[in-house]
Amino acid sequence: MDKKPALACLFCRGRKIACGPPVPGSKDKTCNQCARRHLKCEYPLESRRGMRKRRSLIPRGSGSPPPEINTGSPKVIRPSRKRSVDKRP
């Protein structure tokens, strides 16, 4: 029995489905999902494992915060909206 490939092909990755081993007797590395759909099976060149989007550590703009403008009215602080969970029996 063939071992499952280490990386899912691009189609299976996009659909978030299991990328199975190639169909027995096939000459190329087309996975079972792409073979069923008659698609070109392409594997990524490298693993994305552990890669995350990094937030910019440098604030946008000139680097200094904007000056506060006092309009004479008090500052209104609104509480954040949280979804309430209804626990009914």
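**Calling buried, bonded and core**

Tutor: Ile17 sits in the loop between α1 (10-15) and α2. The model is predicted. Start there.

Student: Why is Ile17 called partly exposed?

Tutor: Its relative accessibility is 28%. Buried needs a value under 20%, and exposed needs one over 50%. The value for Ile17 falls in between, so Ile17 counts as partly exposed.

Student: Which residues does Ile17 touch beyond its sequence neighbours?

Tutor: Leaving aside residues within four places, Ile17 is in contact with Phe11, Cys12, Gln33 and Arg37. The pair Ile17 and Gln33 is 16 residues apart along the chain, with 8.6 Å between the C-alpha atoms.

Student: What makes Gln33 buried?

Tutor: Gln33 has 12% relative accessibility. The limit is under 20%, so Gln33 counts as buried. Gln33 belongs to helix α2, residues 32-37.

Student: What does the side chain of Gln33 make a polar contact with?

Tutor: The side chain of Arg37, at 2.8 Å. The cut-off for such N or O pairs is within 3.5 Å, so the distance passes.

Student: What makes the Thr30 and Asp28 pair a polar contact?

Tutor: The same test applies. Their side chains are joined at 2.7 Å, and the cut-off is within 3.5 Å. Thr30 is in the loop between α1 and α2.

Student: Is Thr30 buried or exposed, and how do you know?

Tutor: Buried. Thr30 has 15% relative accessibility, and the limit is under 20%. Beyond four places in sequence, Thr30 touches Pro22, Val23, Ala35, Leu39 and Cys41.

Student: Why is Gly20 called buried?

Tutor: Its relative accessible area is 10%.

Student: Now the cysteines. Which residues make up the largest nonpolar core?

Tutor: Cys9, Cys12, Cys19, Cys31, Cys34 and Cys41, 6 residues in all.

Student: What makes these cysteines a nonpolar core?

Tutor: Cys is on the list of residue types that qualify; the members must be buried and joined through side-chain atoms within 4.5 Å. Take burial in two of them. Cys12 has 1% relative accessibility. Cys34 has 0%. Both values are under 20%, so both count as buried. In general, nonpolar side chains tend to be buried together in soluble globular proteins.

Student: Which residues does Cys31 touch?

Tutor: Not counting residues up to four places away, Cys31 touches Cys9, Cys12, Cys19, Gly20, Pro21, Pro22, Cys41 and Tyr43.

Student: How many disulfides are there, and how do you know?

Tutor: The count is 0. Cys12 is in no disulfide, and its nearest cysteine sulfur, that of Cys9, is 3.5 Å away.

Student: What makes phi of Lys16 worth a note?

Tutor: Phi of Lys16 is near 55 degrees, a positive value in a residue other than glycine. Most residues other than glycine have a negative phi. His38 also has phi near 55 degrees. Lys16 is in the loop between α1 and α2, and His38 is in the segment after α2.

Student: Why are Lys16 and His38 called exposed?

Tutor: Lys16 has a relative accessible area of 77%. His38 has 74%. Exposed means over 50%, so both qualify.

Terms used
Residues numbered from 1 in each chain as written. Predicted model: local features only at pLDDT ≥ 70, side-chain atom pairs only at ≥ 80, totals over all residues. Heavy atoms only, no water. Buried < 20%, exposed > 50% of the residue type's maximum accessible area, 1.4 Å probe, protein only. Contact = heavy atoms within 4.5 Å. Helix = DSSP H or I, 4+ residues; strand = E, 2+ residues; numbered from the N terminus. Polar contact = N/O pair within 3.5 Å; in protein donor to acceptor, adjacent residues only side chain to side chain. Disulfide = S-S within 2.5 Å.
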